[in-house]
Every structure is written in C-alpha cells, then in structure tokens.
Amino acid sequence: MDPSGAARSSHRAPLIWLISAGIALSCSVLAATRQTGAVPLRTMLREAYELVQKRYYDKTYHGLDWDARYKDFEAKIRATTSVNAGLGLVAQFLDGLKDSHTYFIPPSRPFDHDYGYRLQLIGDKTFIARVVPKTDAEAKLQPGDEVLAVNGFVPSRETLSTVNYILNVLAPIETVDMWVRNPAGVRRQVLVNARIVEKPHQRAEWDPLAIYRTKDDPTRVEPQRFTSIGDVLIWAMPDFLVEDRIVDGMWERARRHRAVILDLRDNPGGITTTLNRMLANAIDRDIKAYEFVERKGRTPELVKSRKDNAFTGALTVLVDSNSGSAAELFARIIQLEKRGVVIGDRSAGGVMAARMYEGESRHLFYAFVITDADLVMNDGKSLEIVGVVPDETMLPTAADLAAGRDPVLAHAAAKLGITLDAAAAAKIFEKKVGGGS
C-alpha cells in the first residue's frame, strides 16, 4: 500500500493525450513560469529514472529497456517549450510501467479546484454518482447520468483512472466538455465549469497527499460508521488507516451480533498493518494472507489470529469499483479462506506495495510513488488490474443513482433475513455513493 492509503486503479490510456492538447489551467503554479528552464523538468525526470532503477520491485521493468526509455524522454523534455507538456512527459515516462502504484505527483497549485461531480464506474459504464451543491455541475448534471465522453475521450475501466489523474492532478482544466445520457436515454452535451478558489498565500503549501484527499473533506479523517438492525451490524469502513485499538473495538462490537455487513465500497485501501489486524479479528485461525514479491525474492505475510477474540458470525463484504488496495486484499482473502461472501461490483485492481519519495528543486516540491513489491494471493495470482470478482455481482442502476437508492446494501441485508428498503438503505449513514472525481 502506498503511504496515503489510496490506490489508483490500473490505467491504460496514454497520459499525453490531454497534456498535448494544452488544456491545463492558466492559473497553475507553473503556468505563470514563462520559460521551461525555470522548472526543473530534467531533474524530475532523472529522479524518476533513478528511483525506479534502484527501488522498483521488478528489475526487468516489465520488459522495458529502462535506459533507452530515459534517453528518449530526456530528449523530448529538452525539446519541449511547454511546462505542462514537460510535466506530462515526466508522468508518461513512469506510466510506461503500467503500474497502478507508480506515478508522479507534480508541484502543488495555488488554488483549490473542484469540478463539482463525482464519477462512479458501475460494471463497465461510468455514471455521475452525485453532484456537489452550489457548483456549476449541480445545475447541469444529475446522479444517474451515464458519462459517454469527457473532452472527447470515452471513460471505461481501462481509462477512467487516467482521466481522473490528468484532470485532477496533472493538468486541471477550467471547463470539462461532457456527453451524458440520462436514465430515460436522452443524450446531451454539457460544459461544466470548475469551481476555482485561489489560496490566500502567494506560494501554495506543499502537500503530496493532497491528491488522495476527498474534495468534501480535505482532511480525510473519517470515523467508522456503524448501526445495528436487529442482530446484524452494518459497518461502513472508510479506509485501512486505522489504529489497532479502533479495529479491535469495532470487532468487539461485532461479536455482540450474529452477522456483520462490512461495507468497503469507496474504501481506497491503506496500510498492511490495518489489513492484518482486520484479518486477525475476522478469521479464528492463523493464516498466510499473501506474499510480497520483491527484488530480493518472495516473503510470506503471516497473520496471527486473535482466536478467542475473533468474530465467528456470518460475514458479508461489500465492494465496488472504488474499493482498492487493502480493501481488495481483505475481500479476496475472505473469499479464499471461505470465511464469508463478497457482494457488489468488481474492485479497482490497484493492489501493489509502494513508497513515496519527495523531491525539491528550485523551491518547487514534487513527489514520486514507486512500487517496491507486488502482492500475490494464496492462489498464486495478483489482483493488480483484475481486481476482486464478487461472489455475487449486484449493481445499482442509473435509476437507483437518480432516486438515491442503495439496492446492494438492501440485498445483502435481505440475504441475512433483514428487511431493508433500498431507499432506506441509502440513508442509513446518509452515505453519498461514489468516489473519485
């Protein structure tokens, strides 16, 4: 897991497609720089090259000639006259590895930026999951709109994380050109203006974890949410960045119930410490959970159960396309250990172990996240790209999104003998379905 707890889904679209179009915001912290020489693009590229060379888990670089690739991109950066295109080249250089946890975090911008909508992959389609009040998107988009194109590009499982990365991290834009289709089948073109608020200080504060923060809660400090319906505990876990005592306390609460529905939808993952503690509480025997595949070889990760304190009731795990990293690992281990049932949508497929490396040059701060291990399950397979396929696929429809219903949670409850209307299920925690933007 990377230090932020977030996991980008595996991306396959070429990163340069938007950068080369010259769509980056004119108020970018770097756009004000008139000469590319004032921005250390070659330094950034060299650091990316050396970090992968020294730290990347696969010494073959997935078959790439890493030295030749560096020389090629170094020549391209020498020739570029655009700062934004240069940053795009640094990102594209790393993107050649096709690794969900290896990427570039560019310097911060002196403004806050929000498009006002949240996208959600459901099955193989992309939808507006919700809109943010008092934004341009609120007047032009509705939950349940299927997104057919974003600036001429078709979002899909293979490309959506690339689109999100470019538009939110690498090159934010002022206006997004979208084609959408409402639940009634009517297509329309929408131009959505981003909400842009300049920061009070002339120089943006450096926060390499900012790309993981939610737009609605910049601190991303979220409590565990839970409620009981009869003898069933419904627990929505926002991420895997939780202290052991809190994990143990939640499972202690769970032991007072015959069944638990653990909602890992929108959970981007986190650290293996939390993952292992969750497994120790959910499984009443010691297990080999997975293996780290590193440069030095394979290392099994053994999880010691809390045994007498472990929860032994029925366990249902909910996942969706935003369930990433440690959340995916937990769900898959529950399947492999035959400990419970997984319901929902195929997960993100962004499961690697990585570290963040911060850099600074000419008073510009940036960072790289570099994968240092793959994680292989006990069936010998990695979840990278493929994700977790639920035991039972259950997807909300466009009409469900539009009406604010949660049929997935309602279905999971019904399987445990609990009657829960889909509209009421969506309001249990006033959960805003969807993530990403």
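Modeller: This is a predicted model. Its largest nonpolar core has 42 residues.

Biologist: Which residues have the most contacts inside that core?

Modeller: Those with the most contacts inside the core are Phe240, Trp251, Leu262, Leu264, Met278, Val317 and Phe330.

Biologist: And which elements supply at least two residues of this core?

Modeller: The strands are β10 (232–236), β11 (259–263), β12 (287–294), β14 (314–319) and β17 (364–376). The helices are α7 (244–254), α8 (272–282) and α9 (326–336). The largest share, seven residues, comes from α9.

Biologist: What is Leu262 in contact with?

Modeller: Leaving aside neighbours within four places in sequence, Leu262 is in contact with Trp235, Met237, Met278, Leu315, Thr316, Val317, Leu318 and Phe330. Met278, Val317 and Phe330 are also among the core residues with the most contacts.

Biologist: What does the second core include?

Modeller: The second core is separate and has 34 residues, including Leu45, Tyr57, Tyr61 and Leu87. In soluble globular proteins, nonpolar side chains tend to be buried together.

Biologist: Back to α9, please. How many of its residues are buried?

Modeller: Nine of the 11 residues of α9 are buried, and the helix is mostly covered. The buried ones are Ala326, Ala327, Glu328, Leu329, Phe330, Ala331, Ile333, Ile334 and Gln335.

Biologist: How do α8 and α9 cross?

Modeller: The axes of α8 and α9 come within 10 Å and cross at roughly 25°. Angles under 35 degrees count as roughly parallel, and α8 and α9 are therefore roughly parallel to each other. Their crossing is right-handed.

Biologist: What about α2 and α4: at what angle do they pack?

Modeller: Helix α2 (residues 41–55) and helix α4 (residues 83–95) pack at an angle of about 5°, and their axes are 10 Å apart. These two helices, α2 and α4, are therefore roughly parallel to each other. From α2, Leu41, Met44, Leu45, Ala48, Tyr49 and Val52 meet Val83, Gly86, Leu87, Val90, Phe93 and Leu94 of α4.

Biologist: Is Asp266 buried or exposed?

Modeller: Asp266 counts as buried, at 19% relative accessibility. The cut-off for buried is under 20%.

Biologist: Where does Val242 lie?

Modeller: Val242 lies in the loop between β10 and α7. Val242 is buried, and its relative accessible area is 10%. Not counting residues up to four places away in sequence, Val242 touches Gln224, Met237, Val247 and Thr274. Val242 and Met278 are 36 residues apart in sequence, and their C-alpha atoms are 9.7 Å apart in space.

Biologist: How far apart are His363 and Pro107?

Modeller: His363 and Pro107 are 256 residues apart in sequence and 9.9 Å apart in space, C-alpha to C-alpha. His363 is found in the loop between β16 (352–361) and β17. His363 is exposed, with a relative accessible area of 64%.

Biologist: Lastly, the whole chain. How many helices and strands are there?

Modeller: The chain has 12 helices and 18 strands. Of its 437 residues, 57% count as buried. The accessible surface comes to about 18,200 Å², and 50% of that belongs to carbon and sulfur atoms. Among contacts between residues at least 6 apart in sequence, 74% join residues at least 24 apart.

Definitions and conventions. Residues numbered from 1 in each chain as written. Predicted model: local features only at pLDDT ≥ 70, side-chain atom pairs only at ≥ 80, totals over all residues. Heavy atoms only, no water. Helix = DSSP H or I, 4+ residues; strand = E, 2+ residues; numbered from the N terminus. Buried < 20%, exposed > 50% of the residue type's maximum accessible area, 1.4 Å probe, protein only. Contact = heavy atoms within 4.5 Å. Areas by Shrake-Rupley, 256 points an atom, 1.4 Å probe, with all protein chains shown as cover. Core = buried A, V, L, I, M, F, W, Y, C linked by side-chain atoms within 4.5 Å. Axes fitted to C-alpha atoms, helices over the stretch in contact; angles between N-to-C directions. Parallel < 35°, antiparallel > 145°, perpendicular 65-115°, else oblique. Left-handed = near helix turned anticlockwise from the far one by under 90°.
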